[in-house]
Structures are given as structure tokens and as C-alpha cells.
Amino acid sequence: MPPQPLTDFSRLCVHTITTKPWSIEEATDRYAAAGVKGITVWRQWLDGRDIAKAGESLRAAGIEIVSLCRGGFFPATDAAARQRAIDDNLKAIDEAEALDAPLIVLVCGADPGQPLAESRQQIVDGIGAVLDRAGQAGVKLAIEPLHPMYADTRSAVNTLRQANEMCEQLDSPLVGVAVDVYHLWWDPDLQSEIQRSGRADRIFAFHVCDWRSPTEDLLNDRGLMGEGCINVPQIRGWVEENGFNGFIEVEIFSNRYWAMDQGEFLEKIKRAYSEKT
Ligand code: ZN
């Protein structure tokens, strides 16, 4: 069943990294003017800022903070580095609390110097080590599986099945998943694993863009929805059939789009959101 058409922008969220040339202040003004209702703030956009004030400015502009991006990167071959990662995740929770963001997205990490299974165990341990603090702060954590091409250094969690298994192991209402079409579109088990996430109320976030073919850069050549080979509406239908009705987050890393006028790019995003998402 195709999902309901997106007739307005009430569920449109844009990641600050999507419009990378804009500071948090510019993004606040420009998103508000364009009618974008949600924002996911990448942590580097808050460097040197009064975080609570940035949050107030966003809310005053009518923009809801959907999540803070990103925590994670837990695995490392040495224990001191693992502790530093935990400390950084605790800091991310402090920042989310100051910003009044309800969710942190976790890019979980991997260390090419050890087996993936070991990295996965360290991810579970790392999340477990920050859960109490997340609970105090009222911040949820979303495990975002990443495409397997990033399994060397960015994430040992590469399928939604693995993320679901981790959630089941951690067994906390604070821990769920972020479904990103770019990372998961290829997975033959995607629909059934979305059902599994949905049954446990664990679909915390939904990220969209497209997979350009050929992809010229493995990190920074994501496309607008409709530009590539991902059936974005079908995947949106699956998450919505399974209880998700939150923001649809446009997360595009693209050298070609960052090089263009960001106001024009935002209009393209709105068009792709209305017509191809
Ligand atoms: Zn994502």
C-alpha cells in the first residue's frame, strides 16, 4: 500500500549537515522562512554556542528539535579509548539536555583492528554505560545501522536486524533504532525487521535521501529523494504501517549540493519531499 501523500511540510525535518554552509543561526532563520518544521542538529553546529539559547531560538522560530546527531563510536581496541568514547557520549547527553533535544542518534563505530563481533559487544557495553545518565536527562538513543561499506571504521551495526538484536539485549524503552533509507534499502529483510522494530515501539527516527547511481563519492554523493534507486515511498510506507508518524528527516551529504545556493537547494528538498518521498 502506498503511503499517504505528504501534502504539507508539518513533518519535514532537515539535518543541519544537509545545508552545511549555513550556521545554526542561518539555518534557524532560513528553515523557519521556508516552513521547515523540524531540525536535527549536528553537534559541531553548537561549537562555541550557548546551547540552551540555540534551542530557545529554534523553538521561538517554530522549529521542533527532532534529534541531536551524533553519539556513538564506542568500539576501540584499547580500554582508554573506549572510556573516552563513553565520556564523549555522556557529553552528548549533556548537550541534548541543554538543547532540549529528545533523542541522540548513534553512529555506533567500529575498529578495523578487531573483529566486528567484538566491536558489536563494545557498542552494547558502551550504550549500557550511558543509559542511566540518558534516563536522568530524558534523552532517548537511536541505534542507526550504517551501510556495510562503512563497517571498517564507522559502524559494526550494518543491518536493522543487528540493531534490533542490540535493542533486545539492552531492553530499555530509551533505546531504539533510526531507519535511514540510504543505509538499509538493499536489505532483503528490511520490511520484516521494520515490523520487528515497530512491534516493540522502537522506530525512533526515519532518515531519507537517495542512492545515486553511479555513486561518485562513498560519503558525500547522496541524492535528493527520487534521484536514485531507492524506493523511498515504499520504505516510508513500511515504517508508517508499523506505527511511526514522526518527522521525515532529510539527511543529504553532497559536495554537489553544498556547492550550490542553499536557498535554492532547500526549495529542491521541499519539492522532492512533496513529490518523491
Ligand atoms: Zn541517517
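## The D152 side chain and its surroundings

In this predicted model, the side chain of D152 makes a polar contact with the side chain of T153, at 3.5 Å. A polar contact here is a pair of N or O atoms within 3.5 Å; within protein, one must be able to donate a hydrogen and the other to accept it, and residues adjacent in sequence count only if both atoms are side-chain atoms. D152 sits in the loop between β5 (140-143) and α5 (160-170). Helices (H or I, at least four residues) and strands (E, at least two) are DSSP runs, numbered from the N terminus.

With a relative accessible area of 43%, D152 is partly exposed; buried means under 20% relative accessible area, exposed over 50%, and partly exposed in between (1.4 Å probe, protein chains only). Leaving out residues up to four places away in sequence, D152 touches A110, D111 and P112, where contact means heavy atoms within 4.5 Å. The C-alpha atoms of D152 and Q114 are 9.6 Å apart, while the two residues are separated by 38 residues along the chain.

T159 belongs to the loop between β5 and α5. T159 counts as buried, at 16% relative accessibility. Beyond its neighbours up to four places away in sequence, T159 touches P145, L184, W186 and D187.

## How to read the model

This is a predicted model, in which local features need pLDDT of at least 70 and side-chain atom pairs count only at pLDDT 80 or more, while totals for chains, interfaces and linings use all residues. Residues are numbered from 1 along each chain as its sequence is written, and side-chain values use heavy atoms, with hydrogens and water left out.

## The zinc site

Let's turn to the metal. The zinc ion is coordinated by E144 (OE), D180 (OD), H207 (ND1) and E251 (OE), at 2.0 to 2.2 Å. Donors are N, O and S atoms within 2.8 Å of the metal (3.2 Å for Na, K and Ca); water is not among the atoms, so sites may look incomplete. The angles among the four donor atoms run from 83 to 166°, and the site is irregular. Four donors count as tetrahedral if all angles lie between 85 and 135 degrees; four count as square planar and six as octahedral if opposite donors are over 155 degrees apart and all others between 65 and 115; anything else is irregular.

Along the sequence, the donor residues follow the spacing E-x35-D-x26-H-x43-E. Two of them link distant parts of the chain: H207 is in strand β7 (residues 203-208) and E251 is in the loop between β10 (248-250) and α9 (255-258), 44 residues apart. H207 counts as buried at 0% relative accessibility, and E251 counts as buried at 3%.

## Helix α3

Helix α3 (residues 79-99) has 21 residues, which at 1.5 Å a residue should span 30 Å; the end C-alpha atoms are 30 Å apart, in agreement. The expected span is 1.5 Å times one less than the number of residues. Which residues of α3 are buried? They are A81, A85, I86, N89, A92, I93, E95, A96 and L99. An α-helix has 3.6 residues a turn, so residues three or four places apart point the same way.

The buried residues of α3 pack against β2 (38-42), α2 (51-60), β3 (64-72), β4 (103-107) and α4 (116-137). Just after α3, D100 takes a positive phi of about 65°, although D100 is not a glycine. D100 is in the loop between α3 and β4.

## Backbone details

F73 also has a positive phi, about 50°, without being a glycine. F73 lies in the loop between β3 and α3 and counts as partly exposed at 34% relative accessibility.

Two cis peptide bonds are worth a look. One runs from C69 to R70, with omega near 5°, and R70 lies in strand β3. Another runs from S213 to P214, with omega near 0°; P214 is found in the loop between β8 (210-211) and β9 (222-223).

## The whole chain

The protein chain has ten helices and ten strands. The radius of gyration is 18 Å, close to the 19 Å that the globule rule gives for 277 residues, so the chain is as compact as a globular protein of that length. That radius is taken over C-alpha atoms, and the globule rule is 2.2 Å times the number of residues to the power 0.38.

Of the 277 residues, 57% count as buried. Residues 24 or more positions apart account for 80% of the contacts with a separation of 6 or more.
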